[in-house]
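Open the file in your viewer and keep the selection panel at hand. The tour below goes one selection at a time.

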Amino acid sequence: MSDLVTVEVKGLAYAFGRHRVLDGLDLALPTGSTTVLLGANGASKTTLLRLLAGLLKPAAGTISVLGLDPARQRDRLCARLGFVPDTPDAWPWMTTEELGRFLAAHHPRWDDALATELRTSLGVPANRRLRDMSRGEATKAMLATTLGHAPEVLLLDEPFGGLDPIAHEEILGCVVRALEVGTRTVLVSTHDLDVAARLGDHVAVLAGGCIARIVPMEEAATGTAPRREALKGMFADVVRGERT
Amino acid sequence: MRLRVDTDRALSPSQQIVEAVLDAVASGELRAEARLPSVREAAAAALVNPNTVARAWRDLEALGVVEGRAGSGVFVTEGGPEVARRERRKATLAALRVAAEEALRAGHASETVLEETRRAIERDGEGTRREAKTGGPEGKGGRR
């Protein structure tokens, strides 16, 4: 594995009013690897991802993504970073095709053939408006359009929440195909330990406002316990440690 | 070949993929010189990180079942089927031992366990004939 780091966070803090939700958070994501982000409800996983995408401004600390400061150099970062939020944030009145055309105009690296192929293989209706789509369809539409500009960094915020089993498997397949080992750096936040066990090169647990633990998957799942069980044990360990 | 990974199994995901390929090679579904799917294809089928498949391919190469050829992919070796059969025999014998130990722990008499095993062998007459054709069970290969 490469020693290069694509995402580096140091001493990050963020607060909603007086409530500090992230405090002294450090995180380094090695280039070309996939990290799964676990955390209890309300642990502020979404806030962390939004900070990395430059959608929020840190109260303290530094963030470097591809050598850029997300909050200050968001325009430059946008072309190289893909972010799929937990609820679709594209314009609800746009169809997938319109969204594709809009993004193509704004992304120099937009690959229309790839976006169309992803949309077709996932069965995303091209002419339906996002607001009229089911949760599964909307997630697929967001994923297909996000991957269309071949981002070097991919941030996925709980893409598997509220999906039926078929949509779940289709989206998991799409995410697996999107993992480009060695080149694309991926951070996936999820509550689904099966997904975590399948996707992660590394597992990180967000608790108490910082990354309480980050280990290679092999280290998280040593011993004879099934991988999912091992992850659950590690997660419970960290969360309990924080609450006592 | 069915590349399925179950994260609730004690076997690690990459070992489960090794197991599936060994099964396919041992059964003749994948013959010597057959090409394995690419890492990307296999990862998409098993729904796992491509690194997990790459690790499985490395382990299979270390066993001598497959070999990577620069630029053209990963292929089953000439001796692959024999190695795969030997590995499968080792694994199934280990499973049989575990089952026997469990049966004894559950309170069955050793005679009952032996009798049940003998009956299973007799019932599967076809299986034993098949084994005889491929050279019979290897006592040495199965014990460690």
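Select strand S1 of chain A, residues 5-16, together with S4 of chain A; the two pair in the antiparallel sense over five bridges. This is a predicted model, so everything on the tour is a computed feature. Pick A:Val7 next: its bridge partner in S4(A) is A:Val65.

The three strands form an open sheet in the order S2-S1-S4, with antiparallel pairing. At the edges are strand S2 (19-30) and strand S4 (60-65) of chain A, each of which pairs on one side only. From one strand to the next, the twist averages 15°.

Select helix H1 of chain A, residues 45-52. Helix H1 packs on this sheet and touches S1, S2 and S4 of chain A. The direction of H1 makes about 120° with that of S1(A).

Move on to strands S6 (residues 153-157) and S7 (residues 185-189) of chain A, which pair in the parallel sense over five bridges. One pair to click is A:Asp157 with its bridge partner in S7(A), A:Ser189. Show the whole sheet: six strands in the order S5-S6-S7-S3-S8-S9 of chain A, open and with mixed pairing. Strand S5 (81-84) and strand S9 (210-216) of chain A are the edge strands. Neighbouring strands here are turned by 15° against each other on average, direction ignored.

Last, display both chains. Which residues make the contact? Chain A gives 19 residues and chain B gives 14 residues. On the side of chain A that touches chain B, helix H6 (165-178), helix H7 (193-199) and helix H9 (227-243) of chain A each give two or more residues. That side has nine nonpolar, four polar and six charged residues.

Technical notes:
Residues numbered from 1 in each chain as written. Chains lettered and ligands numbered in written order. Predicted model: local features only at pLDDT ≥ 70, side-chain atom pairs only at ≥ 80, totals over all residues. Pairing = 2+ DSSP bridges. Helix = DSSP H or I, 4+ residues; strand = E, 2+ residues; numbered from the N terminus. Axes fitted to C-alpha atoms, helices over the stretch in contact; angles between N-to-C directions. Contact = placed C-beta atoms within 7 Å. Nonpolar A, V, L, I, M, F, W, Y, C, P; charged D, E, K, R; others polar.
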